[in-house]
Amino acid sequence: MADAENSRYALIIRIDGSFQVIDWPTEGHLPILYKGIGCTHVDAVDISPRLTMWIDDSGLIDGAPVNRAATILYAIHREPHQHYYGDVVITGGVDRHGETLGLTSEEIINLVEFHLTFTSAEIPSQRAK
């Protein structure tokens with residue numbers, strides 16, 4: 001399992017197929033999740049011991065579109081049982097204290113490569129400082 005020091009990122013996957021790599025703080029996760037997903041109530045979906053998908057708890061009820069990329073990512077790791085709706089944030093698993101970890105650089109690269117391979121997403125432009 002990756003340590004918190006090297007697990008510094010999260011990945012937002014939007015319903016339009018675009019994505020964004022964001023910094024994952026060591027604490028204060030909820031505001032990051034709310035902003036990344038665009039909601040006020042989140043739910044965690046375990047994809048694997050090292051991947052957690054954070055979704056809008058009321059995305060389906062509120063009529064958010066299906067997030068095809070998030071649904072495919074889940075289906076690659078586990079037998080699918082539903083579609084996922086709205087934008088999602090992908091983080092790492094949890095540490096021994098139950099705190100959510102970010103993703104390592106290598107995990108981000110693997111997820112972005114997967115995303116670009118199995119969706120029609122385009123690479124976003126470089127962030128301006």
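Predicted model: local features only at pLDDT ≥ 70, side-chain atom pairs only at ≥ 80, totals over all residues.
Strands of a sheet pair through backbone hydrogen bonds, either parallel or antiparallel.

Five strands make up an open sheet, and reading across it gives the order β2-β1-β5-β4-β3, with antiparallel pairing. At the edges sit β2 (19-23) and β3 (42-48), each of which pairs on one side only. From one strand to the next, the twist averages 25°.

Next, let us turn to helix α2. This helix, residues 68-77, lies across β1 (9-13), β3, β4 and β5, and runs at about 40° to β3. Where α2 starts, a side-chain oxygen of Asn67 comes to within 3.3 Å of the backbone nitrogen of Ala69. An α-helix has 3.6 residues a turn, so residues three or four places apart point the same way. The buried residues of α2 include Ala69, Ala70, Leu73 and Tyr74, along with Thr71.

Let us stay with Thr71, a member of helix α2. Why does Thr71 count as buried? Its relative accessible area is 11%, and the cut-off for buried is under 20%, so Thr71 qualifies. Which residues does Thr71 touch, leaving aside those up to four places away in sequence? They are Val66, Gln82, His83 and Tyr84.

Methods: Residues numbered from 1 in each chain as written. Heavy atoms only, no water. Pairing = 2+ DSSP bridges. Helix = DSSP H or I, 4+ residues; strand = E, 2+ residues; numbered from the N terminus. Axes fitted to C-alpha atoms, helices over the stretch in contact; angles between N-to-C directions. Contact = heavy atoms within 4.5 Å. Buried < 20%, exposed > 50% of the residue type's maximum accessible area, 1.4 Å probe, protein only. Polar contact = N/O pair within 3.5 Å; in protein donor to acceptor, adjacent residues only side chain to side chain.
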